[in-house]
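Please open the model in your viewer and keep the selection panel at hand. The tour moves from one selection to the next.

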Amino acid sequence: MNILITGATSGIGKQLVLDYLADGHHVIACGRSQDKLDSLAAEAKADEHLSTCIFDVTDREQTLEALQACQEQNNLDCVILSAGVCEYIDDAKHFEPELVDRVFAANFFGVVNSIAGVLPRMKRGSKLVVVDSMARMFQFTRAEAYGASKAAIHYFAGSLRTDLIKEGIQVITVSPGFVKTPMTDANDFEMPMRVTVEQASAAIKKGIDKGKPHIAFPRIFGFILAFLQRLPYRVQIALSKRMKQS
Ligand SMILES: NC(=O)c1ccc[n+]([C@@H]2O[C@H](COP(=O)([O-])OP(=O)(O)OC[C@H]3O[C@@H](n4cnc5c(N)ncnc54)[C@H](OP(=O)(O)O)[C@@H]3O)[C@@H](O)[C@H]2O)c1
């Protein structure tokens with residue numbers, strides 16, 4: 001398979017690159033930093049099945065151009081959009097709207113730009129995988145921007161899933177719980193049921209192989225959040241407030 005992965009220079013995206021290469025697939029690893037892409041190539045021991053592509057997903061023109069050039073050389077069987085950022089709001093009363101812009105620029109519009117860049121040339125039978133987050137399922141404290149961006153892209157991808165059925169392109173949404181990566185290493189609160197990046201990559205690969213429309217892990221954490229969402233708002237607020245900075 002030819003698999004294109006964004007956010008390939010760190011965390012979940014990087015582990016997916018290494019695991020798909022180990023299985024003998026051709027991987028196009030996308031990142032915004034040439035140094036980080038070079039380090040990834042070195043870590044993959046200059047695997048001949050690895051190629052790289054550089055663009056910043058928040059730059060629409062750059063993203064469309066880079067992805068078009070990439071697809072002129074490769075027929076993509078699977079596209080995994082993992083690039084994303086996380087910023088929390090510490091002072092809710094005086095929050096900076098620019099923070100919300102930054103988070104949406106990467107997590108919502110960055111994914112939209114990437115989808116617009118790959119979709120017109122994707123063929124029947126190919127898969128488009130969008131990584132959102134279980135954060136979209138519960139109103140966590142300080143996660144106004146991050147959670148909203150993930151809820152928005154989950155909805156966008158879900159709607160696209162229906163509309164692309166006739167084109168024979170499968171849209172898969174991925175909602176991870178906490179995964180140990182540089183993104184969550186920066187967190188200053190307890191992260192229940194955090195899984196390793198190897199476990200995350202294995203769960204995503206397995207779900208894609210099985211052609212699941214939606215992949216969520218760890219499943220039990222997903223069930224808990226779905227249950228919490230049905231509780232009265234007063235209870236939800238009390239629980240959310242407990243996820244304070246330590
Ligand atoms: N870790 C978790 O617990 C968790 C849980 C749920 C969902 N997720 C989602 O999973 C995805 C991967 O997260 P992660 O934990 O692996 O994070 P990570 O280790 O911080 O990796 C994020 C990746 O996205 C890239 N990226 C960020 N902004 C970009 C931009 N403007 N243009 C191009 N690339 C950009 C980063 O590039 P640089 O290396 O250049 O910064 C990096 O490769 C994200 O969408 C995240 O929201 C993560």
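The model is predicted, with local features requiring pLDDT of at least 70 and side-chain atom pairs counting only at pLDDT 80 or more, while totals for chains, interfaces and linings use all residues. Residues are numbered from 1 along each chain as its sequence is written, and side-chain values use heavy atoms, with hydrogens and water left out.

Next, show the polar contacts, which are pairs of N or O atoms within 3.5 Å. Thr-181 places a polar side-chain atom 2.5 Å from an oxygen atom of the ligand, Val-179 has a backbone N or O atom 2.7 Å from a ligand oxygen, and a polar side-chain atom of Arg-32 lies 2.8 Å from an oxygen of the ligand. Of the 890 Å² of accessible area that the ligand has on its own, the protein covers 93% (Shrake-Rupley method, 1.4 Å probe).

Now colour by secondary structure, where helices (H or I, at least four residues) and strands (E, at least two) are DSSP runs numbered from the N terminus.

Then hide the ligand and look at the space it takes, which is the largest pocket. A pocket here is an open set of points on a 1 Å grid over the protein atoms alone, where a 1.4 Å probe fits, with protein on both sides within 12 Å along at least five of seven lines; lining residues have an atom within 4 Å of a point. A molecule sits in it if more than half of its atoms lie within 2 Å of its grid points. The volume is about 1,100 Å³, counted as the space filled by probe spheres set on the points. Of the 49 lining residues, Ser-82, Gly-84, Val-85, Cys-86 and Met-183 lie nearest the centre.

Finally, select Phe-217 and Pro-218, joined by a cis peptide bond with omega about -15 degrees; Pro-218 is in the loop between β7 (214–217) and α8.

How values were computed
Polar contact = N/O pair within 3.5 Å; in protein donor to acceptor, adjacent residues only side chain to side chain.
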